[in-house]
Amino acid sequence: MTATVTYLGDLRTENTHVNSGNTFVTDAPVDNNGKGEAFSPTDTVATGLANCMMTVMGIKARDMNYDMSGTKAEVTKTMASNPRRISKIEVVLSFPNPADNKTRKILEHTGNTCPVHYSLHPEIEKVVVFNWK
């Protein structure tokens, strides 16, 4: 088992990672009857893409002796209706440390081929921008 999810009422859930015991709460967004006081379920999907990209890139960067510490991602999620769904995820990655062209190309390919990227529905538009110092 990976996680447990408990419905707390008022359109909120508490999510517990079984191995570590770490938790986070989700809340329905304001535009869907919620309070918008925490990540929505679709927010976690969108940010999951950036998390996964940075994780696999971090593994590859470590192998290449490139320091990705301080790299940041800005995530923008766009929703569509009928049916309500994520239609686009934009990820802008900003790297504080310079890298040569070969390192950039390898890390960009690694990020764009992460497991979450491949797991998202093909109709979800994925826009990824890499900003290198």
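Predicted model: local features only at pLDDT ≥ 70, side-chain atom pairs only at ≥ 80, totals over all residues.
User: Which peptide bond is cis, and in which loop does Pro83 lie?

Analyst: Most peptide bonds are trans. The bond from Asn82 to Pro83 is cis, with omega near 0 degrees. Strands here are DSSP runs of E with at least two residues, helices are runs of H or I with at least four, and both are numbered from the N terminus. Pro83 sits in the loop between strand S4 (72-80) and strand S5 (85-95).

User: Is Asp10, with its positive phi, buried or exposed?

Analyst: Asp10 has a phi of about 50 degrees although it is not a glycine, and its place is the loop between strand S1 (3-9) and strand S2 (12-17). Buried means under 20% relative accessible area, exposed over 50%, and partly exposed in between (1.4 Å probe, protein chains only). At 58%, Asp10 is therefore exposed.

User: What is the relative accessibility of Asn65?

Analyst: Asn65 lies in the loop between helix H1 (41-63) and S4, with a positive phi of about 60 degrees. Asn65 counts as exposed, because its relative accessibility is 72%.

User: How far apart are the C-alpha centres of domain 1 and domain 2?

Analyst: Domain bounds come from an automatic or database assignment, which gives domain 1 (3-32) and domain 2 (41-132). Their C-alpha centres lie apart by 23 Å.

Notes. Residues numbered from 1 in each chain as written. Heavy atoms only, no water.
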